[in-house]
Amino acid sequence: MIKRLSKYPKTIWCLRNLVPMILFPVADFYLFEWYTNDPWETMKVPIQFLNIYFFELLMALFLFVFGRLKWSLRLQSILFMIIGLANYYVLSFRSAPIMPWDIYSIGTAMSVAGNFEYTIEKQTVFVLIGFILLILAESVVNLELKGTGRWRKRFWGIRIAGAAVFVVLICSFTHMLHLDSTIRRYGMYDKLFTPTVMSKRDGTAVAFLMELKYISVDKPSGYSAAAADELLAPFEAADAPQEVSETLPNIIVIMNEAFSDPAVLGAFETNMDYMPYMHSILNGHINNTISGYLNVSVLGGNTANTEFEFLTGNTMAFLPQGSVPYQQYLKREMPSLASHLKSLGYETIAAHPYNSTGWDRNKVYPLLGFDEMYFIRDYKKPEKIRKYVSDMACYDKIIEMYESKQDGTPLFVFNVTMQNHSSYTDEFDNFHPDIKVSGSSSKALDNYLSLMKISDESVKYLTDYFSNVDEDTMIVFFGDHQPTNSVVSNIWKLNGKNGNALSEADEADRYKVPYFIWCNFDIETQTGAETSSNFLATDILKTAGIPLTAYENYLDRLSGEYPVITSIRTENAQGQSTDTANVMDSLNDYAILQYDYIFGK
């Protein structure tokens, strides 16, 4: 059934076929990785074997499909030579590798491909030469899956069955990579926040297969576009267009990188107050403020997900754990706080003093209704704290936006800061930490709290400025997430707690960040508010006296039943907290509406 030339001794035939069958896919894997990194430096040996196993499975599938080992090996080498080169350039252009959801934007990618300058490094040349030599070497194999005589027709069935078996094996292997147990067993890196690191540590192919877990979202029970419209219908009455009042306030939103108050995790003493202004607001000592704690769905990273929840009113609770909607699901215009304010005559601006391609913000912001975007290139010689643009520089930029805006046009600014980004252990000439925690030797904690103090002083500077302007202005301030455990672990130790064995209440506290709504006009001062990032925009609109959309009216009613909804937990109006997974049936209407906004229509 397997055709081979009898004039070759068996050992030579094995050398020409079985050895290449085993070793050439291994060579493909290492050449593929060497485009962008050295797998021996970045990848654990067991994880290398996982990648090699996939390459072997793919080679076997090609063998049963095409029937000739020569062309199955060549196809695999040519395929990964081309994909690897494409990934090399994609990584060069956007600092992130090819990911499964790039399929959705391949048309856009092709349309701009001619705008880039294509250069090649010496290592890449060597990799290409290696692939070409490998393809030439693959010409020596002569194994064919070919029947003769009465076996000719039957052998087609065997090949089809063999191909099916290897398709199943590849699917099973992919499913295995999606299991938490596999990630723990092999010590794999599964953080989509840093896809380049994920690709280097897990292997480009295996990382891609792992990311497939997040490419689609199942429809909620009972979903249809008609069902979504029916759910929203009772809230449409308040959604009629209204004339824009000249008294609509300017709204300035600050989502401050990693800003949090670790005091929610346990008591500790410092040599001075690390956020006196925030504490004054939280304690009700500043008039015309609403303050409390915002519950978010992320910890230590994935800033874009807090952004997504705040701007859209949607929740990560209905999306796969680890997914990033900005990168994966937002491919068309979507209703948001920005688009709603834009419809009312606001000038809408998004500002982030870092790379425009981070989390695909340069693509997402226009889809959410922002008229203008400012990124790092738009900040001219800004002040920096450590290596990041300072909060003060961000606020000076906002003041500049306000002073240059058109008279009579209300301004909406959404500013994501960078000053407090990790890590917190490096030393810099332009950063001199002055906060010390009693009984702790943690440099990371002292540095982190010192950064919080700078942020606290800076936002006071911003509110002080707008307290003296004539136009009604609202400033909203909140953190995107708490820092990693490496920063706060000392607080647990000071309180006799083990970070690996926290109570449910302690775990919930890890997702709380302080927030406030400050106005230079009269509002009722409130403290102790408890909400989540998906409801905050609705609270802002109500406080500002701005009409709500139908969806915002729905969210307003829902927040009365469940004031907190995150991917981690849900809290009802009676203060009872539970894992969000336990109340999915009660939240199904919300899931239907969110699915319709993201994936429907």
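These notebook entries record what I looked up in the structure.

**Entry 1. Basis**

I worked from a predicted model, in which local features need pLDDT of at least 70, side-chain atom pairs count only at pLDDT 80 or more, and totals for chains, interfaces and linings use all residues. Residues are numbered from 1 along each chain as its sequence is written, and side-chain values use heavy atoms, with hydrogens and water left out.

**Entry 2. Overall chain**

I recorded 23 helices and 15 strands in the protein chain. Helices (H or I, at least four residues) and strands (E, at least two) are DSSP runs, numbered from the N terminus. The C-alpha trace spans about 95 × 60 × 50 Å along its principal axes. I noted that 54% of the 601 residues count as buried. Here buried means under 20% relative accessible area, exposed over 50%, and partly exposed in between, with a 1.4 Å probe and protein chains only.

**Entry 3. Second largest pocket**

I next turned to empty space. Rolling a probe the size of a water molecule over the atoms shows where empty space is left. The search ran on a 1 Å grid over the protein atoms alone: a cavity is a set of points where a 1.4 Å probe fits but cannot get out, and a pocket is an open set with protein on both sides within 12 Å along at least five of seven lines. Lining residues have an atom within 4 Å of a point. Grid points are joined across faces, edges and corners, and a volume is the space filled by probe spheres set on the points.

For the second largest pocket I noted a volume of about 930 Å³. Its lining comprises 30 residues, and those closest to the centre are Asp-190, Lys-191, Leu-299, Gln-321 and Gly-322. Helix α8 (residues 180-186) supplies the largest share of this lining, three residues. By class I recorded twelve nonpolar, twelve polar and six charged residues. In this scheme Ala, Val, Leu, Ile, Met, Phe, Trp, Tyr, Cys and Pro count as nonpolar, Asp, Glu, Lys and Arg as charged, and the others, Gly among them, as polar.

**Entry 4. Cavities**

How many cavities of 30 Å³ or more are there? I recorded two.

The largest cavity holds about 60 Å³ of space. I listed its lining as Leu-177, His-178, Ile-183, Asp-190, Met-198, Met-210, Lys-213 and Tyr-214. These residues divide into five nonpolar, one polar and two charged.

Helix α10 (residues 204-211) gives the most, with four residues. I classed the lining as four nonpolar, two polar and one charged.

**Entry 5. Salt bridges**

I recorded 14 salt bridges in the structure. A salt bridge is a side-chain nitrogen of Lys or Arg within 4 Å of a carboxyl oxygen of Asp or Glu. I examined three of them.

Lys-460 and Asp-464 meet through their side chains at 3.0 Å, N to O. Both lie in helix α18 (residues 443-466), four residues apart, about one turn of the helix. Lys-460 is partly exposed at 35% relative accessible area, and Asp-464 is partly exposed at 36%.

The side chains of Lys-512 and Glu-530 form a salt bridge at 2.2 Å, N to O. Lys-512 lies in strand β11 (residues 512-519) and Glu-530 in strand β12 (residues 526-532), so the pair ties together parts that are 18 residues apart in sequence. Is Lys-512 buried or exposed? At 10% relative accessibility, Lys-512 counts as buried, whereas Glu-530 is partly exposed at 28%. I also noted that Lys-512, Glu-530, Arg-569 and Glu-571 are linked in a network of salt bridges.

Glu-561 and Arg-557 meet at 4.0 Å, N to O. The two residues are four apart in helix α22 (residues 550-561), which separates them by about one helical turn. Glu-561 is partly exposed at 40%, and Arg-557 is partly exposed at 46%.
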